[in-house]
Amino acid sequence: MKIYLKIWRQKDNHSKGCFKDYTVDDVNKDMSFLEMLDTLNLKLVKQGERPVEFDHDCREGICGQCGVMINGIAHGPLKNTTTCQLHMRSFKDGDTIYVEPFKAAAFPIVRDLKINRSALDRIITSGGFVAVDTGQAPEANSIPITYQEAESAFDSAACIGCGACVASCKNSSAALFTGAKITHLELLPQGQKETHVRVTEMVEQMEKEGFGHCSNTEACQVECPENISVLNIARMNYEYNKSKLLVKK
Amino acid sequence: MMIYFKNALTRKNLMALTGLFLSFFLIIHLLGNLQLLLPEKEAQLQYNLYSHFLSGNIVIKLVSYVLYACILLHTLDAIYLGIKSKKANGPKLSRDRRSRASTWQSRNMMFLGIIIFLFLVIHFKDFWYHYKFGELPHDENGNKDLYTLVVNAFDSIWYVILYSVSFLALGFHLLHGVASAHRSLGVYHPFYSKLIRILGYLFSILITLGYLIIPIIIYIKH
């Protein structure tokens, strides 16, 4: 396959970026999108040019490191998939593909397609953990959790924190990410105890990071590699309102 | 404390509560206005009596203040969140096809809201202001003749088109707004969430059709 690429090149956060045209001739349809970029980079290195920088790690769709806007869609045309799990068979021979980084004020561009997603980490640091002292590991059966509880907690915990929800949102809201983290811990007895503190802290951190509001367009779920439900956002709203209205400080 | 007022979740709660109150008002307003479709003579007396009752009632007066407050708060909140969203978005995407993942109305609530707001300005000026502060002839029963004012206004096809476009904008606004408001307030149960969406669609369609037929029927009748 022959693929024409228009890739966003930007030296650092302060400089101006622009699209640069590249052509990759020897693309195999079974290559992943990142392997196609590797092929391009190999060519660029041989030519003595600076390779295109992009985030990646496991390349198995579970780490949440990769993520770029491909033809204006987070993680590309396939729904509910990561960039590394997108293969070139999703494109046609001779296609022109636009590749841009995820864009949001809270995700400053580091270089080219690489962005700084530390804002999501800081939301986790503000409350996405269990702080009650649990001592030594107790007998496993002393905390009964039903199969359904475990499953739905895991549905929320499946979020890999790639930031596609923010990139897909017209308001650059991190509500799906934060909602999923809050719901995951709220559904389990160990996490439930601190829900009120957690939800307040995490929502306030989300605000401080400069993410936008959620207007329930539900685009985030469609593009989310893990298909995290938008109902996690509603749950966050519910828990937040409850903690503000009903919990004595 | 300040962060609580600036907080997007709180603003969305306010947006949802005012929106739901306005949606409730739409039902009452529509039911009242359906009197316009009665046979002409009966409609005139009945509608003028109804308007007179509304304008003289202290409870209605208090509710109307809540209504004005809701319209203002809903609008101010939209402006606040609109600015916040613009700030959060940062640099624009050069190629943007994100719209494939959501409905048109959910992405254009601000645009639809602006049409509705402009409509309200015209609507208030032509009827509400005229009735309250203008000079109107009286009907047989001595009530101000709002009916004739309304019917004459809808003589013009342009006026009917203006109203129809505004009602369609309202309909699309509700199509997303009603269900979204419940989400913002925290309805996370999958079953009720789905139920509210279906009922919200039904509500939007009925309200839109209800409002749409009034100017059209009046235009055809006269």
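The structure is a predicted model, in which local features need pLDDT of at least 70 and side-chain atom pairs count only at pLDDT 80 or more, while totals for chains, interfaces and linings use all residues. Residues are numbered from 1 along each chain as its sequence is written, chains are lettered from A in the order in which they are written, and side-chain values use heavy atoms, with hydrogens and water left out.

**Chain B: fold and surface**

- Chain B holds nine helices and zero strands, where helices (H or I, at least four residues) and strands (E, at least two) are DSSP runs numbered from the N terminus.
- The C-alpha trace of chain B spans about 60 × 40 × 35 Å along its principal axes.
- Of the 222 residues in chain B, 42% are buried; buried means under 20% relative accessible area, exposed over 50%, and partly exposed in between (1.4 Å probe, protein chains only).
- In chain B, 76% of the contacts between residues at least 6 apart in sequence join residues at least 24 apart, a contact being heavy atoms within 4.5 Å.
- Chain B carries 21 positive and 10 negative side chains, with the centres of the two sets 26 Å apart; Lys and Arg count as positive and Asp and Glu as negative, without His and the chain ends, and each charge is placed at NZ of Lys, CZ of Arg, CG of Asp or CD of Glu.

**Chain B: annotated segments**

- An unreviewed UniProt entry places the feature "transmembrane region" at residues 14-38, 58-83, 104-124, 157-178 and 198-220 of chain B; such annotations may be inferred rather than shown by experiment.
- Residues 157-178 of chain B are 100% helix, and their end C-alpha atoms are 31 Å apart.
- Residues 198-220 of chain B are likewise 100% helix, with end C-alpha atoms 33 Å apart.

**A:Ser215**

- A:Ser215 sits in the loop between helix H7 (195-208) and helix H8 (219-223) of chain A.
- With a relative accessible area of 12%, A:Ser215 is buried.
- The side chains of A:Ser215 and A:Asn171 form a polar contact of 2.8 Å; the term denotes a pair of N or O atoms within 3.5 Å and, within protein, one must be able to donate a hydrogen and the other to accept it, while residues adjacent in sequence count only if both atoms are side-chain atoms.
- Beyond neighbours within four places in sequence, the contacts of A:Ser215 include B:Lys12, B:His176 and B:Ser180.

**B:Lys144**

- B:Lys144 lies in the loop between helix H6 (109-133) and helix H7 (146-153) of chain B.
- B:Lys144 is partly exposed, at 23% relative accessibility.
- A polar atom of the B:Lys144 side chain lies 2.8 Å from the backbone oxygen of B:Tyr131.
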